[in-house]
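This briefing walks through one protein model, moving from a single residue to the chain as a whole. Please keep the sequence and the structure in view while reading.

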Amino acid sequence: MKTLPIFILTSTGLAATGAFAQSGEPFELNTITLGVSAETSVDVTAEDIERQNPADLQDLYKSEPSVAVGSSIPASQKLYVNGVEETNLSVSIDGSRQNNKIFHHNATTLIDPALLKAVRIEPGVAAADAGPGALAGSVAYETKDVADLLDPDLTFGGFVKGEYDSNGNVFTNSTSLYGRNGNFEYLGFFKVANGGLRKDGDDLDIIGSGTGMFSGLAKAAYTTDTGHRFELSYEKVNDDEARPYRANIGQIIGGRPVPLTRNYDLSRENVVFTYSNDQLGGIWDPTVTLAYSATDLDIVETSQTSHGTTQSFNGSIKNRFALDGGSVTAGLDFYSDQAELDYRSASATQTPSEKSSNIGIFAQARLDLSDRARVSFGGRADFQRHTGIDGTKSNDNGLSGNISGEFDLNDVVTLSAGYSHVWGGVTLAENFIMNPAWTYPTDGIEAATSDNLFVSARADFGHWDVKGKLFKTDVDNARTPSYSGGPDGTTSFTSRGFELAFGYNWDNGFLRLGYANIDTEIEGRVADSYTGNYLTTPIGEIITIEAVHALPQHGLTFGADAQIVLEETNTYSSAGGNGPALPSYEVVNAFVEYKPSRIKNLSLRGEINNMFDASYASRATYGQEYGTVVPLNEPGRSVKISATLNF
């Protein structure tokens, strides 16, 4: 692969509206206009989620070439934005900070897309109010509300959904109830999925690929007549199944003998209280969030059960000040995080843990300078305390700033650019490499910092548009502790590349194409997935294609998507020179959905995934550069059918 300039583009703005499936209204491609980042963010909308029917993170992001997900098993999937692993981004669910770095072999953020209303990613340059630790951007997940599911003139509703996937005989059942009673509203949702081992494109069993997942969401809210809204939500996802001994790896050839599988019981939960009032008007639009998030992992073996927990108590108080030409959002946020490991065996004498707390003060302005020019700029100051396993405490603080702007060159072309410098502080060590014998430096571990830059252009010609973006992210002093090497190791890494997107829409359909070319380096040399744990991974060139068309008069919607990943020859070899090439692959999926006119509350859907039965491992899956690693392959061809009944 050629090494190309410093930057990247997203396909944001090409998300389709959901109206085409229910009516004959013209079908259009949307751009979400939330400040300057609208031209450069990655937005997965409610309509995208409904159309794609995603089962896991790979499905959720399959049309975004700059977003990659490794592993075919949800319990070990990791997200990479522009080639950067998600623990280097500020990740939130309903405004709650996520502290999920628990074990490098399992998922970083286990999430069920069925719970989601939307996802917004700000790659690289993120706003100051996106939260602390946004070294390479931010990811904000938003779960469904009653208003997303229930028509305004109704007081009660619900749905049941059944789904069957032929590959692995996976049965999934979902149920939801929701309603309003005066100023009070409520929502309950749960889903259970069970199935056997799945097969890859060579008709071989994928080790540890059984399905055993539960997810649930509960919400209650009360809104006063004067607009004061109080909302409490609880969300949980649990995956409990036999997984490969190292959950993100099929097998290791040689090395110490281990069983093929062991049980991973992985749970993530999120409790959020939110107060808001958007009826006050003018300079008062407050939001207060208090939240608790936790991830628990039990690994069951013959000799012992290891239990790891990461948790975060966090919150924010902020206000949006409306101005004639835009707004300013200002406030403070905080978190108190902990990572702990308990071996739960008779021989264990210690339970190592690290703690970190932070208070941040921020302000972000989003202003219209003229009819053609918009600018966003802001900054934050963070004050952090870190406590090591041995009780060593260290205090540090730093400043972060960002600026971005866009200018309409004419009625067709818009140019935009942005830069940020971020102080990221010291991240917690991964639970399962904590060593009770670690000794920490008295002056503290070096804080991570980053610099992000992008330049982009968009041309909108009505029915079709085209975009291009260049990007670069440099992270310094990223923490890399190891069990035997100590707690204070650090490294630097870089992600650079570019992305192109093309979209065309017609009355009842659309076509969109995306291309991303991403190079990643660690300490100035080509990145590899082992050294890049929790940092980065090789990506290379990815092409995405998606087309959808509707026949509303017949209640039909059908579409297809494809991902084409090109061979990557610029790989790492510890012996010097290039390592083995990462192979190319092509995967195609198709669906048809039918909503009978006589039964308006019924929806039937059929899918063929991996239509041509390709045998491959996702580009972001661990270990493909190493001859001793058998990577986890993706499932081969499958037929999925589902039925949803609303009431």
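Which residues does I121 touch, not counting residues up to four places away in sequence? In this predicted model, I121 touches S41, V42, Y61, V67, V81, S138 and V139 once those sequence neighbours are set aside. The points below place that residue in its surroundings and then turn to other parts of the chain.

**Nonpolar cores**
- I121 is among the residues with the most contacts inside the largest nonpolar core, which has 30 residues; L60, Y61, L79, V119, V139 and Y141 are the others listed with it.
- At least two residues of this core come from each of β3 (42-44), α2 (57-60), β4 (67-70), β5 (78-81), β7 (90-93), β9 (116-123), β10 (137-143) and β26 (464-479).
- Of these elements, β9 contributes the most to the core, namely three residues.
- Another core lies apart from this one and has 21 residues, including L115, L187, A247 and Y264.
- As general background, nonpolar side chains in soluble globular proteins tend to be buried together.

**An open sheet of five strands**
- Five strands make up an open sheet with mixed pairing, and their order is β3-β9-β10-β7-β8.
- The edges of the sheet are formed by β3 and β8 (96-97), each of which pairs on one side only.
- β7 and β8 run antiparallel and are joined by two bridges, and S92 stands opposite R97 in β8.
- In general, the strands of a sheet pair through backbone hydrogen bonds, and they do so either parallel or antiparallel.

**Strands β31, β32 and β33**
- Strand β31 (residues 556-565) pairs with β32 in the antiparallel sense over 10 bridges, and the bridge partner of V565 in β32 is Y585.
- β32 also pairs with β33 in the antiparallel sense, here over five bridges, with A590 standing opposite I608 in β33.

**Residue N609**
- N609 is found in strand β33, which covers residues 602-609.
- Is N609 buried or exposed? Its relative accessibility is 17%, and because buried means under 20%, N609 counts as buried.
- The side chains of N609 and E607 are joined by a polar contact of 3.2 Å.
- Leaving aside neighbours within four places in sequence, N609 is in contact with V588, N589, G636, R637, S638 and K640.

**The chain as a whole**
- The protein chain contains three helices and 35 strands, and 55% of its 647 residues count as buried.
- A compact globule of 647 residues would have a radius of gyration near 26 Å, so the 24 Å of the protein chain agrees with that expectation.
- Taken along the principal axes, the C-alpha atoms fill a box of roughly 65 × 55 × 55 Å.
- Among contacts between residues at least 6 apart in sequence, 65% join residues at least 24 apart.

**Confidence in the model**
- The chain averages a pLDDT of 92, and 93% of the residues score at least 70.
- Over residues 1-37, however, the pLDDT is below 50, although this stretch has 149 contacts in the model beyond near neighbours in sequence.
- Where pLDDT is low, the predicted coordinates should not be read in detail.

How values were computed. Residues are numbered from 1 along each chain as its sequence is written. This is a predicted model: local features need pLDDT of at least 70, side-chain atom pairs count only at pLDDT 80 or more; totals for chains, interfaces and linings use all residues. Side-chain values use heavy atoms; hydrogens and water are left out. pLDDT is the predictor's confidence in each residue, from 0 to 100. Contact means heavy atoms within 4.5 Å. A nonpolar core is a set of buried Ala, Val, Leu, Ile, Met, Phe, Trp, Tyr and Cys residues joined through side-chain atoms within 4.5 Å. Buried means under 20% relative accessible area, exposed over 50%, partly exposed in between (1.4 Å probe, protein chains only). Helices (H or I, at least four residues) and strands (E, at least two) are DSSP runs, numbered from the N terminus. Two strands pair if DSSP finds at least two bridges between them. A polar contact is a pair of N or O atoms within 3.5 Å; within protein, one must be able to donate a hydrogen and the other to accept it, and residues adjacent in sequence count only if both atoms are side-chain atoms. The radius of gyration is taken over C-alpha atoms; the globule rule is 2.2 Å times the number of residues to the power 0.38.
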